[in-house]
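Here is a brief report on a two-chain model. Look over the sequence and the fold before reading on.

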Amino acid sequence: MQSISLALRTRATAALLAVVSLLGFAVPSHAQLRLDITQGVRDAVPIAVVPFGGQAEGGAGDIAAVVGNDLRMSGRFAPLERRDMVTRPTSGAEIRFEDWRLLKSDFIVVGRVEPDGAGLAVSFELHNVRTGASLLNQRLPSSEKGLRATAHRIADLVFERLTGIPGAFSTRIAYVAVDGKPPAQRYRLIVADADGFGPRTVLESREPIMSPAWSPDGQNLAYVSFEGKASAVYVQRLATGERARVSARTGINGAPAWSPDGRKLALTLSRDGNLDIYTLDLATQALTRVTSDDAIDTEAEWAKDGQSLFFTSDRAGNAQVYRVRLDEARKAERVTFTNSYNARPRLSPDGKELALVTLDRGGYRIGVMDLASRNLRVLTNGHQDESPSFAPNGALVIYATREGGRGSLAIASSDGAFQQRLSSDQGDVRDPAWQPFGPRG
Amino acid sequence: MKFMHLAAVAFLSLGLAACSKPTKPDETATPPADAGAASSGLGGEAAAGAGTTATALTPQQQALAAIQQKNVVYFEFDSSEIGQAYVPVVAAHAQYLVKFPTARVRLEGHTDERGSREYNIGLGERRAQTVRRALLAQGVAESQITTVSYGEERPAVEGSDEAAFAQNRRVEFVHAQ
């Protein structure tokens, strides 16, 4: 889909390697994120995910632990604690449903890991505890290193079978981690599994890195880096680490957003200090100006049909979200009217809602606005919540928050029912972006 | 071209502190009265230890060391107006740049951490442009000035309280010769 000529600009990139460590997708990072349940979830469905047979409990590849954690993270399920499990069935035939009814589990997941040729295979079953009905029974190929990925896949399948919504546990998140005290800080662009496991540093710099944005196929990240002592926008292919500097114009180069077909980036550029939104064709380098206004126009987000952009502007005095059609007239209309500050719009996967930063009763919080009704519901209760990004199934929103003077990531359900924190064991973390599904295999 | 964030420290360590204009506390507004003059604190120490090599410095270097006593303009919340307290600061930098037409300055605009990151890049740029226009109005050539906005990405100090916010809403003059 992408026809980005990454190789063309490697010369420019080479000159910058002195100040930036450009890292292949294989450098482990230490800033591991950990899920902390910060708010009890009402109406979460009790489910037992029994430790799988054929593997030791407690390792990184403990399938039941990963599946249980994923389901807990979704906010819709309350996995049974292992210490409460009196038996360890590994197949449907071994389940004594009355035991699990007593434990008040509505559903049960059992399974086992078996050798399969040179690799492994993981069998699993999902049953309704009340009726005993089998809801899923599958065998997935795996490997010693691939057990966590298989576990996320199982969680996806269980989640979809029970909610009707595809699971997003197999996707990844990108974010920025910052270590050190000002002015000597170190910035890292990190990609990790959606549960925070396996962080990999893809770029490291002494100068700020910000605004990572996934390409629609989930293979590339666009981001802003100040490594040249001024902002520039880069596109990096994660599989190879190869990257291209796609915009380093005089002034600001910021807020990259991919068009739905992956061929263009919307960007914020400045001329004489005035920020406006442009689109850049990645194949032809053709630049098209979208807004022309004395105000700050930034943070573009494409509509699903690629025919209009949502963006932040303070043309009416305060930051609000507008929508501009990408036709000849380029007429912008205001979208947000609730609250005096609304910024950084991000569209839900179904295109019906906008997640944004809203100034709500004195705090910068994450809101979700229904585009048809314009109703705004505030999901969070922090003072400094920002950078919302929808999970590709639309069920969750990841965002950045501040606690105790440190940045951390948090997750809220898009219906506002719960929030939970992904805490980092070191440094500041910020600017999360959730990977889209991309082409599904 | 070499930018000299720490130029003031470097010159002061050569024993020039005594040549610098003394910092009057009332010249700058209250928020972070001494943040822009942080280098003057180092000056005392450094000056005491160094010999008198003032002759090694050009008049331009001496002038630069003097104005870098105050090389930050601070702003009110959500404002890009230069407060009265900082008008003399901007004027001093303008005079230097007019007197030495080959001198260059980079104006680095910053915001506090509140609000959305990319929008804050815009606010930081707006502040840098306000200072740029003030310099142009006082006769500095366009070619002498570049601007960059870091938004909230490079705070001067850590912290999520009003004192930290006040020190982070700023434009820094970064001079090169």
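Two residues are in contact if their C-beta atoms, placed from the backbone, lie within 7 Å. This is a predicted model: local features need pLDDT of at least 70, side-chain atom pairs count only at pLDDT 80 or more, and totals for chains, interfaces and linings use all residues. Residues are numbered from 1 along each chain as its sequence is written, while chains are lettered from A and ligands numbered from 1 in the order in which they are written.

## Chain B and its helix α4

Chain B has six helices and four strands. Helices (H or I, at least four residues) and strands (E, at least two) are DSSP runs, numbered from the N terminus. The order from the N terminus is α-α-α-β-α-β-α-β-α-β. Of contacts in chain B between residues at least 6 apart in sequence, 81% join residues at least 24 apart. Of its 177 residues, 46% count as buried. Buried means that 20 or more other C-beta atoms lie within 10 Å of a residue's own; exposed means 12 or fewer, and partly exposed falls in between, with C-beta atoms placed from the backbone.

Helix α4 of chain B covers residues 87-99. Buried in α4(B) are Val89(B), Val90(B), His93(B), Ala94(B), Tyr96(B) and Leu97(B). They lie on the same side of α4(B), because they cover an arc of only 160° around the axis. The arc is taken over the directions from the helix axis to the C-beta atoms. Exposed Val87(B) and Lys99(B) sit on the face turned away from that buried side. The cover over the buried residues of α4(B) includes α3 (59-67), β1 (72-74), β2 (104-110), α5 (117-137) and β4 (170-176) of chain B.

## Chain A: domains and hairpins

Chain A divides into domain 1 (6-32 + 172-434) and domain 2 (36-163). These bounds come from an automatic or database domain assignment. The C-alpha centres of the two domains lie 34 Å apart.

Strands β20 (residues 308-313) and β21 (residues 320-325) of chain A run antiparallel, joined by six bridges. Strands pair if DSSP finds at least two bridges between them. Ser313(A) stands opposite Gln320(A) in β21(A). Six residues separate the strands of this hairpin, and Gly317(A) takes a positive phi near 110°.

## Where the chains meet

In chain A, 30 residues are in contact with 25 residues of chain B. Strands that each supply at least two residues to this side of chain A include β11 (209-214) and β16 (264-271).

Technical notes:
The expected span of a helix is 1.5 Å times one less than its number of residues.
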